[in-house]
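Below is a short report on a two-chain model. Please read it beside the sequence and the coordinates.

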2 protein chains.
Amino acid sequence: MSIISLCEPKYLELKNRLIQIQDLEAAASLLNWDQTTYMPTGGTYARGRQIATLKEFAHQKRTEPIIGKLLEDLRAYEKSLPYDSTEASLIRVTRRDYERAVRVPPEFMAKFSQHQAVSYEAWVKAKSLEDFSIVEPYLEKTLELSRELASFFPYKHIADPLIDFIDEGMTVSILRPLFNQLRQKLRPIVEAITSAPPIDDSCLYQHFSKEEQLKFGYAVIQRIGFDFQRGRQDETPHPFTSSFSIGDVRITTRVYEDNFSEALFSTIHEVGHALYEQGIGLELEGTPLAEGSSSGIHESQSRLWENIVGRSRGFWECFYPQLQGIFLKQLSPVSVSEFYRAINKVARSPIRTDADEVTYNLHVMIRFDLELAMLEGKLDVSDLPEAWNERYKKDLGIFPANDSEGVMQDVHWYGEMIGGMFQGYTLGNLIAAQVYQAAVKYNPEITVAIERGNFTLLHTWLKQNIHQHGRKYTANELIHRVTGKPLSIEPFINYIQDKYSNIYHLKVPLSA
Amino acid sequence: MSIISLCEPKYLELKNRLIQIQDLEAAASLLNWDQTTYMPTGGTYARGRQIATLKEFAHQKRTEPIIGKLLEDLRAYEKSLPYDSTEASLIRVTRRDYERAVRVPPEFMAKFSQHQAVSYEAWVKAKSLEDFSIVEPYLEKTLELSRELASFFPYKHIADPLIDFIDEGMTVSILRPLFNQLRQKLRPIVEAITSAPPIDDSCLYQHFSKEEQLKFGYAVIQRIGFDFQRGRQDETPHPFTSSFSIGDVRITTRVYEDNFSEALFSTIHEVGHALYEQGIGLELEGTPLAEGSSSGIHESQSRLWENIVGRSRGFWECFYPQLQGIFLKQLSPVSVSEFYRAINKVARSPIRTDADEVTYNLHVMIRFDLELAMLEGKLDVSDLPEAWNERYKKDLGIFPANDSEGVMQDVHWYGEMIGGMFQGYTLGNLIAAQVYQAAVKYNPEITVAIERGNFTLLHTWLKQNIHQHGRKYTANELIHRVTGKPLSIEPFINYIQDKYSNIYHLKVPLSA
């Protein structure tokens, strides 16, 4: 018997243990999904405790010494296998997870979790009272704890380990120059667009009944390829996607009757995430490989479907007649061109989540830079609101009315940590454009197919090139494999220039 | 420092461990609830595995030696406390659970679980093909495993440990004479009733729209006292109640548009279970005490509300005008008396779950006796269908059309085990009558209050006397405390005699 075949029982043992850990995680996710969808309010207290217990057990199991032992014993087996075999990938990814998890003392994690809970409460209060001073001491503690968390890892930049948690392989030395480049290109584009006559998007702010919006959205996402045999859609105050297995991936949505864009585009966004999760190879089911590769790759799938497809002219050539048929009174006076321009209106606005795809990354990069400055000790928490407002003035030409509309608008720093919280959003936009460019280059029929309501070409290509692999490849590996190039801002900038020169009837194409 | 105060940290440790185990159980219950309500079919495979994992971890944690050690260390502390203090009760109940759990080897439980899953599959097939021979070998194995399970415990009768699992403290020596007595009293009552002119209940089998049925049911259960802030109702093929915490207790229902009784009475039944779970004292939250005392006590609450209250004349004096208002066409020709008689029609029928409250216990006791005979080795599995049919002929005067309508009608033996599966249903009916008698004796206003739609008097009394205690008392202790007497068949027989003499206009009151 060779060493290799002796190793297989250990591989199976490892895999079984990992599946059980994923089962605990999946249960925690379902408890969370239920809490935001159907749980009666009386369940709140116990539910928080139940989720915490499941996560604690999962963490315990994930850091048991037996996992480390099995990983050691499996080194030779791993080396004997192709890099991208399921077995080698599972061992490799598990080793990364394990080595990361055991570096952080459980007492520290408990302390941090507790702090996150009280900080979140303080943020809710501070935001409603528009008073940053309420949350300031908590944020100072969060900064301290975020730095301490980073200190358990070796790093070149203190933000690197925190970024690595959700965007593995990305570092400040990669991201800072990339983002600086992007900002320099974006500012003049935004300048040119906002100097042009503004688009009238009032057609989107008529009354659209909730029921009809949901029905239309349902038809759209079914057509796109969301599999309702292996998923469902429910309503929640904040839309999200959760996966409990490859066969059970759920999205949520919210509907505003006085704003057509909100429900549909956030639904398509979540479907982008969901197609990724539904498309993971079945052989990865239940293992840590059955997840998205990184925050940036995941966001690339949602933004690709939401913006590049969902806000494209071709998409609406296909769906607009149907939409007009449903909302006859509201939309019969509106041509498809007018509608297309309305859903792509660019405006300098204070809120990230409301931002159009041109200005969106400017919002994100402000946060990224401020995170770095705080972690580097160059920016005090007490000076954060002022720094925030200055950057908004400089990058977006606007000044938030108050701190709730400014520095306190996003929950991330207040409910999680400082560091690694935002880069994924901009990475998502960049990767989406680069990936879509590669898809169309490989199969130029894709854009025409979309006009005809055929999304299978694109969906299948994404599934084969990205979705099926789950976490086998890191973001950088995947981008290379799929597009043949390292991550770059060019596809995104080209996409924006082409699309918005046209939409804003700019005589000279946008040059950046 | 006294021994007692030194023990308290150990008590807290025990309690915290128990709460975490309950958290795993609650998560497993939610995964199960979700599977029957909202889960897309694609989730089936992974969901089964996830539930199994949670249950396995819960079992592991429950049988860890540290639990035994803490229980030992807490003996003096327990003795220093009043018997029914929360602390003493938690230690006592946990000790019983622990001693029971550690007797059964985990490998045996795994083997039994696996067998239960395949046996269940075979039963589904056998039932649809009306072919007992398909499931017979599985049932033989189930009998063998049920006997083996019992053998891990000391017993007087081999069924005792199996009965004790869900009806703690009940034994064959208590139940057999009680049930024989009950059967002897019931047979002539059924004889007298079924000799009287049959009731026309065709008014219940008109078309009743699902939406209106649900609306009416919702109004009824809210009035009864189901707290929708701490619970909800959903639709499933088979109604059930599940509790994820005292603040989150959910019921399910099913609606037949051509049968009015089905949805409403099964809903009230589940609400009876749910009021119990919602009424448990908050100081027990998350612990093993936050459950019903036993299967029989739990069933007593559901049957009390379903039958003694929900099928009472007073109840319909209150609700019938409202029901007539909703189903004007169907019910305006039907008087409240006619309706009351219709919902209480007694008939010899082959299916337990369709049986009226007079014949119901005869169904249950047939199963109880057959279980005992098989466990005692006096009845072979191959002879079971014949024995079943003979007993149906003898006790109910009917002969099942086939084995699917006969011996294969209930899932219990095929999906769980042989032994302890059925006594709880009849215990429930007996306890319900005895408890209700005590309630009315304590507060004679209760029946008048019900006529006026005031259920608070009864609900409050049940909460104070039964619900709040959770598992602090065994069924026998609770019956004694609440009614001042041991369990007896008299209150049930009196209730049946009074009610049905009247309904069937029997000149001579039913004597039994």
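## Model and confidence

This is a predicted model: local features need pLDDT of at least 70, side-chain atom pairs count only at pLDDT 80 or more, and totals for chains, interfaces and linings use all residues. Residues are numbered from 1 along each chain as its sequence is written, while chains are lettered from A and ligands numbered from 1 in the order in which they are written.

The model scores ipTM 0.94 and pTM 0.94. Chain A averages a pLDDT of 96, and 98% of its residues score at least 70. Where pLDDT is low, the predicted coordinates should not be read in detail.

## The interface

Two residues are in contact if their C-beta atoms, placed from the backbone, lie within 7 Å. Chain A gives 31 residues to the contact, and chain B gives 31 residues. On the chain A side, α1 (3-37), α2 (44-62), β1 (231-235) and β2 (241-245) each supply at least two residues. Helices (H or I, at least four residues) and strands (E, at least two) are DSSP runs, numbered from the N terminus.

The same surface serves both copies: 100% of the contact residues of chain A recur in chain B.

## The sheet in chain A

Three strands of chain A form an open sheet in the order β1-β3-β2, with mixed pairing. Two strands pair if DSSP finds at least two bridges between them. The edge strands are β1 and β2 of chain A, each pairing on one side only.

β2(A) pairs with β3(A) (residues 248-253) in the antiparallel sense over 4 bridges. A:S243 stands opposite A:V249 in β3(A).

A:H505 is not a glycine, yet it has a positive phi of about 50 degrees. A:H505 lies in the segment after α23 (490-503) of chain A. A:H505 counts as exposed because it has 9 C-beta neighbours inside 10 Å. The cut-offs are 20 or more other C-beta atoms within 10 Å for buried, 12 or fewer for exposed, and partly exposed in between, with C-beta atoms placed from the backbone.

For B:H505, phi is near 45 degrees, also positive.

Technical notes
pLDDT is the predictor's confidence in each residue, from 0 to 100.
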